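Please look over the sequence and the structure below before reading on. The report that follows takes up a few places in the chain, one after another.

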Amino acid sequence: MKFCPECGNNVDGAKFCSECGFKIEENIVNTESEKTEQKPLKGLISLPSFEEKFGSIIKKTVRTDKNVIYINNTKIKLADVAKIYTAEPTPFNAGYAYFSHTGNPPKDEAAVNDFGFTYTKRQKELVDNLIVILSTIDDLEISKDTKKLSNMRSDALEAYNQTNKERKAEKQKIKCPKCKSTNLQHVGNKKKGFSVGKAVGGAVLTGGIGTLAGFAGKKGKKENWICLDCGKKFAK
């Protein structure tokens with residue numbers, strides 16, 4: 001089989017390319033006659049026609065058009081794809097195909113939704129057919145990714161919970177209303193007989209565990225503070 005060196009179109013038996021008009025030279029490699037296999041580059045190949053729907057409830061249409069793959073309305077040029085990751089479906093996970101522009105596997109399920117598609121066990125044979133078509137491209141790597149969608153969801157949930165914990169801890173810190181510093185000193189409350197001299201000496205860094213237990217732990221009472229950075233006095 002011969003391919004046009006200009007556009008990658010199949011030109012077997014032709015003197016000129018039907019797509020771009022390039023004159024076919026005699027020295028173009030013929031894989032059948034020379035018994036050698038030469039795969040076309042991903043930027044030049046013209047893929048066979050393919051169009052199928054994948055997914056369960058919300059399905060995506062995947063189709064080929066020369067050297068481009070469309071996933072619904074998302075256009076993916078094969079020349080821009082560094083690696084394709086696939087994961088087979090299991091009883092508790094859908095399979096997926098992900099077209100990576102960086103060469104890295106998908107970091108989460110959203111990445112798969114943006115530049116890939118999921119598929120069911122019944123659709124596995126159709127995906128295999130698509131992979132066979134894509135495997136004819138010389139400089140396109142296809143890899144099976146071991147990370148399942150459920151693992152991605154668990155990682156995303158863990159990251160979300162961790163972020164919420166950090167935000168909550170940050171929100172609970174007492175800060176100077178003027179300069180936002182946490183370098184504060186407790187100077188007492190409105191209770192009679194409590195003076196600065198009776199306050200804890202030295203700076204109190206509110207980020208430490210248990211620092212505020214003796215001062216701000218009593219519900220309904222406001223404590224007086226002074227910022228050691230800007231001198232602002234305030235009640236909290």
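This is a predicted model: local features need pLDDT of at least 70, side-chain atom pairs count only at pLDDT 80 or more; totals for chains, interfaces and linings use all residues.

As a general background, nonpolar side chains in soluble globular proteins tend to be buried together.

## Aromatic rings

How many aromatic pairs are there? The count comes to two. In one of them, the rings of F50 and F54 have centres 6.5 Å apart and planes at 10°, and the pair is stacked because planes under 30 degrees apart count as such. Both of these residues, F50 and F54, are buried.

The other pair joins F54 and F117, and it is stacked as well, with 4.8 Å from centre to centre and 25° between the planes. Since F54 lies in strand 1 and F117 in strand 7, this pair ties together parts that are 63 residues apart in sequence. F54 has a relative accessibility of 1% and therefore counts as buried, and F117, at 2%, likewise counts as buried. Taken together, F50, F54 and F117 form one aromatic cluster.

E51 is found in strand 1, which covers residues 51-54, and with a relative accessible area of 53% it is exposed. Leaving aside its neighbours within four places in sequence, E51 is in contact with T61, V62 and R63. The C-alpha atoms of E51 and D65, which are 14 residues apart along the chain, are separated by 9.5 Å.

R63, one of the contacts of E51, has its charged end over the ring of Y70, at 4.2 Å from the ring centre.

## Two loop residues with positive phi

Most residues other than glycine have a negative phi. K66, however, has a positive phi of about 60° although it is not a glycine, and it lies in the loop between strand 2 (60-65) and strand 3 (68-71). At 44% relative accessibility, K66 counts as partly exposed.

N72 is found in the loop between strand 3 and strand 4 (74-77), and its phi is near 55°, again a positive value in a residue other than glycine. With a relative accessible area of 38%, N72 is partly exposed.

Note on methods
Residues are numbered from 1 along each chain as its sequence is written. Side-chain values use heavy atoms; hydrogens and water are left out. Helices (H or I, at least four residues) and strands (E, at least two) are DSSP runs, numbered from the N terminus. Buried means under 20% relative accessible area, exposed over 50%, partly exposed in between (1.4 Å probe, protein chains only). Contact means heavy atoms within 4.5 Å. Rings of Phe, Tyr and Trp (its six-membered ring) pair if their centres lie within 6.5 Å; planes under 30 degrees apart count as stacked, over 60 as edge-to-face and the rest as tilted. A charge sits over a ring if NZ of Lys or CZ of Arg is within 6 Å of the ring centre and within 35 degrees of the ring normal.
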